[in-house]
Amino acid sequence: MTAPHHVIVGGSAAGVAAALAMRRNGFEGRITLVEAASEEPYERPPLSKSFTDLDAPRRILPPSTYVEEDIDLLLGMPVAALDVDRKVVRLPDGEGLGADAVLVATGVNARRLGVPGEYLEHVLVLRGLADARALAARLDVGGPWVIVGGGFIGLEAAAVARGRGIDVTVVEAMPVPLAGVLGPALAAHVQRMHEREGVRILGGRTVTEFVGEREVEKVVLDDGSVLDAATVLVGCGVEPNDELARDAGVYCNGGIVADRHGRTSVPWIWAAGDVATFVSPFTGRRQRIEHWDVANRLGTVTGANMVGVPAANTDAPYFWSDQYGHRLQMYGRHQPGDQFVVRPGVTTAQFVAFWVRDGRVTAAAAIDSPKELRATKPLIEGRVPVMASDLIDPAVSLRALGRVASSTKPDRDGA
């Protein structure tokens with residue numbers, strides 16, 4: 001009898017985690033991981049946080065692990081199509097990989113603005129290693145830089161550029177960058193941090209045109225103002241790279257629609273990572289959560305389910321961001337109307353912030369307080385009843401508050 005063969009499309013955090021999970025859960029068949037890029041799968045978060053080690057990016061796994069775990073790694077091999085009728089993964093050279101199951105973990109692509117001049121030289125995006133290298137080269141050229149979009153990628157790049165003394169302006173469509181993710185109070189704190197470092201933030205503005213002969217020279221905004229620019233980084237969100245799945249007849253809606261196990265509408269095809277939408281047990285709504293830790297966990301869950309071991313992700317969503325030597329971290333997701341309270345830290349730069357609804361913590365964020373933030377994870381996942389007065393009192397142990405949940409963490413699979 002022929003050994004089963006599972007093919008993973010995409011050397012992303014989710015794809016690599018799924019391959020390891022299959023082996024960890026006893027799968028003895030073939031595993032092939034197909035990656036369009038020529039580099040071994042690497043960690044993407046450092047690309048915008050530091051622009052360092054770009055000649056030798058941090059690998060997700062040591063090369064020896066693929067050999068030890070008997071995972072076939074095909075690099076520089078973009079998948080042409082998924083042949084559902086024949087259960088074959090079509091490669092660009094015409095070869096087909098027969099597969100008993102396929103995981104699509106192709107991630108996302110940077111969103112373009114669709115305005116005149118967006119393909120001038122030095123109008124850049126930042127998703128992969130080649131993008132990071134191109135942007136890092138512009139650090140040596142100097143400014144001015146215009147960053148379009150005040151999300152995490154844009155603000156992290158702004159911090160790196162300011163660290164090199166470059167003139168930086170951030171153009172953000174919302175009044176305050178990151179307000180949707182961090183809430184107005186914490187977002188305003190992050191904005192002030194950037195402004196103290198000399199970054200100009202233009203909130204409530206959009207770009208209508210990039211101007212230049214061959215290279216970008218100016219950025220035109222919707223109010224008619226014009227900014228000089230030697231380099232532009234467009235960081236206005238992403239779009240799911242779900243074309244393969246859509247062409248194969250998989251139901252997609254803002255990404256590949258998957259259930260809590262990673263299954264799609266086509267039984268042969270699974271999905272995980274940034275490309276997949278799922279119902280989060282912490283928000284109750286279907287969404288894509290584009291963070292490394294979430295992708296890694298979803299890949300692990302999906303890999304287990306693909307080999308018949310039931311699993312679901314019940315961990316609170318987590319992300320981190322490094323800016324000006326400070327680390328911002330967050331667990332969970334808050335909603336409008338949640339009570340916002342702050343617990344002071346040892347220094348004025350440190351604190352932990354909480355969002356509370358119906359006497360339970362829905363999310364927590366911290367700057368330079370990693371131990372304290374870790375203690376909030378069981379509070380969120382266990383939906384532990386708390387009093388806001390205890391959360392903000394430094395004399396009350398957050399770890400003690402969370403102990404009641406440590407042995408009773410519920411299975412909130414989502415559906």
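This is a predicted model: local features need pLDDT of at least 70, side-chain atom pairs count only at pLDDT 80 or more; totals for chains, interfaces and linings use all residues.
Let's start with a pair of strands: β5 (residues 88-90) and β6 run antiparallel and are joined by 3 bridges.

- Strands β4, β5 and β6 form an open sheet of 3 strands in the order β4-β5-β6, and the pairing is antiparallel.
- Which strands stand at the edges of this sheet? They are β4 (81-83) and β6 (96-98); each has a single partner strand, so one side of each is left without a neighbour in the sheet.
- On average, neighbouring strands here are turned by 25° against each other, with direction ignored.

**A second open sheet**

- Another open sheet of 3 strands has the order β13-β14-β15, with antiparallel pairing.
- Its edge strands are β13 (207-211) and β15 (226-228), and each of these pairs on one side only.
- Strand β13 is joined to β14 (residues 218-221) by 4 bridges, and the two run antiparallel.
- To find one of these pairings on your screen, look for Glu209, whose bridge partner in β14 is Val220.

**Helices α5 and α6**

- Two packed helices are described by the angle between their axes and the distance between the axes.
- For helix α5 (residues 152-163) and helix α6 (residues 179-196), the axes come within 12 Å and cross at roughly 15°.
- Angles under 35 degrees count as roughly parallel, and α5 and α6 are therefore roughly parallel to each other.
- The crossing of α5 and α6 is left-handed.
- On the α5 side, the contact is made by Phe152, Leu155, Ala158 and Ala159, and on the α6 side by Val181, Leu182, Val190 and His194.
- Sorted by class, this contact has 7 nonpolar residues, 1 polar residue and no charged ones.

**Helices α1 and α8**

- The axes of helix α1 (residues 13-24) and helix α8 (residues 292-306) come within 7 Å and cross at roughly 35°.
- Is the crossing of α1 and α8 left-handed or right-handed? This crossing is right-handed.
- Helix α1 brings Ala13, Ala14, Ala17, Ala18, Ala21 and Met22 to the contact.
- Helix α8 answers with Trp292, Ala295, Asn296, Gly299, Thr300, Gly303, Ala304 and Met306.
- By class, the contact of α1 with α8 has 10 nonpolar and 4 polar residues, and no charged residues.

**Domains**

- The protein is divided into domain 1 (5-109 + 238-307), domain 2 (123-234) and domain 3 (325-407).
- Taken over C-alpha atoms, the centres of domain 2 and domain 3 are separated by 31 Å.
- How many residues does the contact take from domain 2 and from domain 3? There are 10 residues from domain 2 and 9 residues from domain 3.

**Two spots in loops**

- Gly143 and Pro144 are joined by a cis peptide bond, with omega of about 0°.
- You can find Pro144 in the loop between α4 (129-139) and β10 (145-148).
- Leu178 has a positive phi of about 70°, although this residue is not a glycine.
- To locate Leu178, look in the loop between β11 (168-172) and α6.

Definitions and conventions. Residues are numbered from 1 along each chain as its sequence is written. Side-chain values use heavy atoms; hydrogens and water are left out. Axes are lines fitted to C-alpha atoms, for helices over the stretch in contact, and angles run from 0 to 180 degrees between N-to-C directions. Angles under 35 degrees count as roughly parallel, over 145 as roughly antiparallel, 65 to 115 as roughly perpendicular and the rest as oblique. A crossing is left-handed if the near helix is turned anticlockwise from the far one by less than a right angle, and right-handed if clockwise. Contact means heavy atoms within 4.5 Å. Ala, Val, Leu, Ile, Met, Phe, Trp, Tyr, Cys and Pro count as nonpolar, Asp, Glu, Lys and Arg as charged, and the others, Gly among them, as polar. Two strands pair if DSSP finds at least two bridges between them. Domain bounds come from an automatic or database domain assignment.
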